[in-house]
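Take a look at the fold, then join us below.

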Amino acid sequence: MSYFRKNEGVRKIMLQWLQQMKCSYAKKISELDTALKCDQVSLLWRQMGNDKFRANLVEESYCCYSKSVLYANHNGPMYPLALANRSASLLRMKRFKESLADVALAIESGYPAEQRHKLLLRRVDCHIELGQRSEARSALSSAIEHAKALNLSAIQTLEFEKHVKILEKKLDNPVCEINQDDEFQLPECHEGSNTDFVSASGAIELRRSETAGRHVVAKASARRGDVLFSEEPYAWVTLPAEEPACEMCCQTDINLVPCSRCSRSVYCGAQCRASASPAFHRWECAGAQFALFPTIGIAHLALRVLLLSANEGFPRIPRAFPEPKSAAELFQGYAKVDNIHIYKQDTPPFYRMFNLVTNFDKMNNNDYIQYALTATMLINYLEHFTTFFDYLPSKVPYRLSGGQLRLFAGALILRSLGQLVCNGHAALSLCTVEEDDGLSGRTITEREVRKATAIYPSAAMMNHSCDPNIINTFYKKRLIVRCASGLPAGAEVLNCYGPHRAREPAPRRQAQLRAQYMFTCACTACRDAERRDFASCKSPVVLSGQRAQCRNCSAALQLDRALSIIDRAEDLALQGEQASSAEERCEKMYTAYRLKQQVWHRHHTSLRAAADRLARLHADLGDYSKSVELIKQNVQSLEYQFGSFSVEVAHELRKLSDVMLERIFKMPGHPDYRDWCLEAHKVIKKAVQLMELNYGHWEVLVKRLREQEAFVASLLAESRTPETADCVQPQFALQPEDMSVLQTGPVTWGPVVYTSKLGTRSFSIIRNLYRK
């Protein structure tokens, strides 16, 4: 870093590039987009929102009004108007809490007094819908008092009084209070918190050895679902997405509140925006305007490490070391601190971040130089586009010259880059998307999306295994690590750094780990060359030289014949997709599926895809029982490949429950109706438990599944018999000691798990397996 700091040519080139980025992006990009604030752009979006609102396209109007809020100058007239309009859309969408927040922010931002009476009545309406009667009455009185102070015309007065009477009538009708509070109690660490290992469970400990380095070991046994870590990140950055997350707390599905200076940074509310500005955004706002951060990838997180460290203040080094006079001496002092004891709760968190491994000694020199150039560019950015270096001296506890402070900052960014490459963590969230699959119309699917990249120093102490014994879940930006299976005392706690044994072959996994993490994996999954065999023939086929044979019975496979059958099957499947009627489509797809069964291994991905396609067709035709059986086969196949408690099985069970519910709704008079309800209740319960285990009970889809579970339980309660009474309690929860095997038709289901997560929309009747 010292070399590049002294190289005027390098610094000049970096500065020219930054200035070009600013000229290219920190401006009005089009009539509908700008990096800065622009009331003209805001007005266009608000007008489009008005058109959508009048056409009763409420969700589309909400999106347009959100854009109007994003681009409006916060000190101008457009901002409160955009907020007020958005609050109207939110009221129609029954998002009353968010509507109230927009009303309050609009008034605070100077919404015109002569129009405010309408906004105040909207606030009354929200309080009524939330069941907050006393707040509603108080808000109604305020609205009436405000209207009296205005010079309303006769028509305006009549309209206002009419609205007041409607609200008074609503107030006379008792309404149960709706709890829309998103906050709840997060799961606590197993065996309590660990004073020697911050953010960790009392059941685990941090150890150090020559072979494993720092690693995590269970000092007490833990069960599946027990929490081993609950950790807030040291630093984090949100990632670009269609539905952005709050830059401060990483919450998704937000009613966005933008930065007051740029249109590129958004938050879930005014509180998060106020917290983010002094911590990091005041130094990042200029870079956000000229699209710097999407260009530099993980270096944005390295910059955030510097900014957040400065915000907290850099700690003094222990008294045993001499007082540093330069950036290099300060670095050496931080590096000499014991790297086990820094995980005690009373140690400054900066030490835990600073002492993560970098792998610089194993890194390719070209990569190292690129990281150093990136760090140099970011120091140039802070120096020429912000006042960060006027602020930094007050945050460093030693007197260093301006040049040494810049060198220290650049070296810290460079060090963080090396650490993040091998310790960074992708924070995931579930997203529901609608797609046109070309066959069954609009398709609803759940998908994991990366909402942020973060660094968790305590959880980073776990070593890698391609067959991990933990599950990572995320609540906003908090990482919650659970046991994926029973963990005996003395066992090492192992994370998966990316390539999983069920998703990648060993050679590919090892190549990926060597490229990014600079080690050759020798975990159990990589040492075991033999995969688990099946109990029957149809075992995986192994190619040995020119001979392909079954691993179990050694029977030869005729490759030419097998390929010919697959070609015929693909042709039939294509004909099925092009067929004019659903019945013909289903017939041809079924014949193609039976042909594939002759060749593909019974748990082959292609066979599962064919079964899934066929299940959709049967559901479209109303033959839900056949659809159910096909999905059950896929559940069994996924359990074999990924395990009974895997997220893949969880999603397939969610799909299975949707089809079972559709069957119940469409055929209420069927002789097997009650058996269907019992089976659906068991499947939904297991789906809930698996989703909670893999994602957390806070996800919206888990809430929807719980509503489905309670609904089916109510159907069963209507026709309850003494022998089934115990299975239909809505609040029934399986305990670990109650693990049992559920039998549903010919398929043997895996053991029932604890709880699980997912989420997006409120429960509604599914039209068929995949359609809205």
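## Overall make-up

Please keep in mind that this is a predicted model. The protein has 772 residues, and 53% of them are buried. Its secondary structure consists of 26 helices and 18 strands. If you take the contacts between residues at least 6 apart in sequence, 67% join residues at least 24 apart.

## An annotated stretch

The UniProt record, an unreviewed entry, places a feature called "domain: MYND-type" at residues 246–285.

The largest nonpolar core contains 119 residues. Which of them touch the most other members? They are Phe 229, Phe 314, Leu 382 and Phe 388. Helix α17, which covers residues 402–423, gives the most to this core, contributing 11 residues. Apart from this core lies another one, of 59 residues, with Tyr 593, Ala 610, Met 660 and Ile 664 among its members.

Phe 229 is worth a visit in your viewer. Leaving aside residues up to four places away in sequence, Phe 229 touches a set of residues that includes Cys 189, Phe 197, Ile 204 and Val 216. Its contacts also include Ser 458, Ala 459 and Met 462, as well as Leu 479, Ile 480 and Val 481.

## A three-stranded sheet

Next, find the open sheet whose three strands are ordered β5-β13-β12, with antiparallel pairing. Strands β5 (227–231) and β12 (470–475) are the edges, each pairing on one side only. From one strand to the next, the twist averages 15°.

How many bridges join β5 to β13? There are four, and β13 spans residues 478–483. For one of the residue pairings, look at Glu 231, whose bridge partner in β13 is Leu 479. Helix α25 (residues 673–694) lies across β12 and β13, and runs at about 85° to β12.

## A helix pair

Helix α17 also meets helix α13, which is made of residues 327–335. The axes of the two helices come within 9 Å and cross at roughly 40°. α13 and α17 are therefore oblique to each other.

Where do they meet? On the α13 side, the residues are Ala 327, Ala 328, Leu 330, Phe 331 and Tyr 334. On the α17 side, they are Gln 404, Leu 407, Phe 408, Ala 411, Leu 412 and Arg 415.

Terms used:
Residues numbered from 1 in each chain as written. Predicted model: local features only at pLDDT ≥ 70, side-chain atom pairs only at ≥ 80, totals over all residues. Heavy atoms only, no water. UniProt positions renumbered as here; feature names shortened; annotations may be inferred. Core = buried A, V, L, I, M, F, W, Y, C linked by side-chain atoms within 4.5 Å. Buried < 20%, exposed > 50% of the residue type's maximum accessible area, 1.4 Å probe, protein only. Contact = heavy atoms within 4.5 Å. Pairing = 2+ DSSP bridges. Axes fitted to C-alpha atoms, helices over the stretch in contact; angles between N-to-C directions. Parallel < 35°, antiparallel > 145°, perpendicular 65-115°, else oblique.
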